[in-house]
Amino acid sequence: RDLRVVDLLPPPPQKKPLDAPADPRFLEEGQFDCHSGYNDWKKSWSVWKKRWCCSTEKLGCVTSITGSFHIVNLKYSELVRARTIHQNVDHAIQSGIFLAAINNMSRAERVGDNDPRASQPNTAVVSLEEWASAIDNTVVRFEVEPPKALLGPVRQNLEIEHLRPFVEEQVKSVDHVETVSRTPIRIEHYVLDITIMGTPCHCPNGVAATGDACPGEGGHFCASCDPGYEKVGQKCATTKCTCENGQEAKGSACLESGNFCAMCHQGYHLDGRACLANTCTCPDGAAATGKACTMHLADICTSCTDVAYHVDPDTLLCAPNRCVCTRHGKPPKEGDAQCHQHEAEVCSSCDHGYHVDANKKCAQNRCKCTHGTPAVGDACPEHDVEKCVDCDADLQLSPDATCGGTSCKCLHGTPAREDTVPKCTTHGGNICYQCDEDKGYHLVQAQCVHRMCKCANGVPKAGAACEKSQEEVCDSCDDGYHLSGNVCKENVCSCNNGYEATGTMCLQDGLHVCTECHPGYHPTMSTEPGSHRISVECRPNNCTCLNGEPATPTTTIKCHTDGGNICDSCKAGFTLNHTDFSCGETVCRCSHGTPVRGKQCSDPVHQHCKSCDKGFHLTEDGAEFPGQAWCRHNSLTTSPPFDCTDGIGNFMLGWSRVKKHWCCEHQNAGCFLDKTAEKVCEGNSLSRRQCEMAGCCVFNDKVGCIAAGDPNALCGGSGSGSGAMIHYIEPAGGGGGVGGGRRLAAAVDPGECLIAEQPHRDGGRVSVGKCNAHSEGGQWLYNKQTKQIRNKHGRCLSTVRKDPPITVETCIDWEVAAAGLNAQTFTLEKEDSDDPQWITVSAGGCMSAGGPEATDPTYKVLTIVNCQDAAGKAQAGKWKLSVLCFTGWTSTTTTLTTTTSTTTSSTGTSSTLTKTSSTKTVSTTTTTITSTTVTTTTLTSTTVTTTTKKKS
């Protein structure tokens, strides 16, 4: 088994002296005559001649590929004894090597048929040599002789990663190979030889030296040794190991001479290469030592501390004793102090009619009986007590099982006697003359009967707890009810933001349990600390919103899904999608070009272009709205964008805002100069959209469309209180001013303006940004009487929140705002002037712009600072109003008061609506609504109309 291929090679030929007689096989200038015998060089030449001639004259060069590998777990000693399996395994190895050699070759390149042992032209011949490794694995050395043209590809295919899967698969497929192998069968220690021209070294029991470490003439030179051997000089000698308290390692297991244990005696364990004494533990007794401690650090006991425990022979741990009681009783529990010995006969209790005797076994009960026969077994409930089953002559068996005269018994009371009423007339009969009243029994026909009350939705009280039969007195209640006094009432739970549970859904009265939540809330189950009662609460849904303010249960848009991305409003530059309530970037329309996006796009329905396609040019002339541009074809000539004569008779509602603005500016048409706000807004049954389009109106949900300010003011007229953009001018004349006077000119850079990022939401942030005449967030109305700056959504500038210092909030009542200073008081320095001026707040200081916002540097933070320092130098920026002709609000000091009162009863409703102005008062009273009709009151400037519709 230790035989190596190098041992089978013939020794190298001895060199002949240079002065030796001439021999035709040798030449004077070389060792071998490489032309002699060349016709049969493969068989007739020695290895040495082949190597020498190949290296010197390129003749006799070996064209075969050789290598070796170990087949791990294929036991060689067992393989050679199974001849048929051995032959099949050899054929499988050859087939695997052959298949690997031709792998990935085309049909024209293949080296022959699938028989690796064939010797036809163009066939690779595979030869094998086998022997046993030091641990009885099969070692295979192979030689493959391919055609010379395919030597390179075949050698590449025989690398380990290509050869291993083919050989392993072929060997594993041999029938009955498992009888001579272990699992898994695998290829290891693979070596693909490199052709060397010199004489190789050899090394029994090790790896031979190569390269510079191997002399040219070869010899016994080892580079390393096999397991079980160590290097002594240039050879590999057998290692010698010793072991105290165990068996020393031998053969390949003895890696190094010295103390090297392979296995230990009982009571010892292997620690590295030495055998040390085991240490055991025992949680409930004495731990094993010496040979009894068979495993190191194991729980092994030799005895137990508690007498009710024993050492289990299987687990070697202390286990509770288990006794038995084979007849008429039960043994004590495992580990009970009565069980001193494991599996002993010990009874702790006995069946009826038996008792535990002195030997801890169950014996039959035997009673005593004076003047009669005693009870035995089941008839004797307790051993050695007085109980008779039969009496002597002239004696009667009494109810208490004793022998005497005539006697009765009474369940739940006192038995009758011969001298009581009722009297005992039958010996042993159940006849009572008095009952246990304190236990709830009363006498009915010489019997003691339990008193019983009644209880709806529960269990009635009985006996002593029931003072009077059939009285409503409950002892406990059914599920869904609770005891209130003596009756059962239905449970009613509490619930915030939802509908409370009742009855069987409410397991305890007053518990917080909701059956359904209001919109914007979701049910959450929790356990109360201490009581561990389960409650179901309706908690607010928490939503998120990318690029906006998230919805809540109290916002206009409800947070209907907890954790959902649902927005109530969007940041500037984003638009609310009313399908999924998300905030998407605002993108204007643009035909033939690139649209404006984000904050520069005031409304996605507007046509507003940033740049145009080829053949088109950007122009504001004819745009839908002032300040916006569209793409017009280069071939079109300039023409007026609007025909101001078309529809002039109904321009108020028929024209768009931009047409009104353009025609008023360029052709003095559609300017509202002859129509007051009252004529435009009121009495025309305008819809909400028409009302808002008029520019001087607001829509009231109860009344309809009314004038936004003074009803006698001209709709669209100018003045210091007109709808305006409020431009920002930095201190010391910094940038931001607006050219063009009070009218915004589209061709002039509008600069920076006061912008509400969320104009329709309380708490919406207000900042300073690029002016946009058609952005709702940049349109404001100033009222000199109330000192309020408001927008079209009924929100006014306010300092109520402090952080941020200025926001938009719902405008307070007209009269309250005009009564004095408040958080919505903003005073202009010069109310009737177009000059730049300070705007002061009620608490002192001026409204000014600060640094860039963190979220969007194109906007500046709005702050409140001192208007000027001690030297009179301006510290705050100033503001300039640029009036917009389509949002007029005159400064006439007119008071508008709306009062509505409603009373509802089963007979009808009375409502009163009063509107007072500087010109007239109109009122309606006493309008009756029956149970089947709804009355709608419409208020015009001159008449009152009442219509009745069927109730839906």
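Tyr190 is buried, with a relative accessible area of 17%; buried means under 20% relative accessible area, exposed over 50%, and partly exposed in between (1.4 Å probe, protein chains only). This is a predicted model, where local features need pLDDT of at least 70, side-chain atom pairs count only at pLDDT 80 or more, and totals for chains, interfaces and linings use all residues. Residues are numbered from 1 along each chain as its sequence is written, and side-chain values use heavy atoms, with hydrogens and water left out.

**Aromatic rings**

- Four aromatic pairs turn up in a search of the whole structure; rings of Phe, Tyr and Trp (its six-membered ring) pair if their centres lie within 6.5 Å, and planes under 30 degrees apart count as stacked, over 60 as edge-to-face and the rest as tilted.
- Tyr38 and Trp45 make a tilted pair, 5.9 Å centre to centre with 55 degrees between the planes.
- Tyr38 is partly exposed at 34% relative accessibility, whereas Trp45 is buried at 7%.
- Phe69 and Tyr190 are stacked, because their ring centres are 6.1 Å apart and their planes stand at 25 degrees.
- Phe69 belongs to strand 1 (residues 65-75) and Tyr190 to strand 4 (residues 181-192), so this pair ties together parts 121 residues apart in sequence; strands (E, at least two residues) and helices (H or I, at least four) are DSSP runs, numbered from the N terminus.
- Phe69 is buried, with a relative accessible area of 0%, and one aromatic cluster is formed by Phe69, Phe142 and Tyr190.

**Around Asn73**

- Asn73 is found in strand 1 and is buried, with a relative accessible area of 14%.
- A polar atom of the Asn73 side chain lies 2.6 Å from the backbone oxygen of Pro184.
- Beyond its neighbours within four places in sequence, Asn73 has contacts (heavy atoms within 4.5 Å) that include Asn137, Val180 and Arg186.

**Disulfides**

- The count comes to 32 disulfides, each a pair of cysteine sulfur atoms within 2.5 Å.
- Cys304 and Cys318 are joined at an S to S distance of 2.2 Å, and the torsion about their S-S bond is about -110 degrees, so this disulfide is left-handed.
- Cys350 and Cys362 are joined at 2.1 Å, S to S; their torsion of about -95 degrees makes this disulfide left-handed.
- Cys350 is partly exposed at 22% relative accessibility, while Cys362 is buried at 14%.
- Cys408 and Cys424 have their sulfur atoms 2.0 Å apart, and their link is right-handed, with 90 degrees about the S-S bond.
- Both Cys408 and Cys424 are buried.

Notes. Polar contact = N/O pair within 3.5 Å; in protein donor to acceptor, adjacent residues only side chain to side chain.
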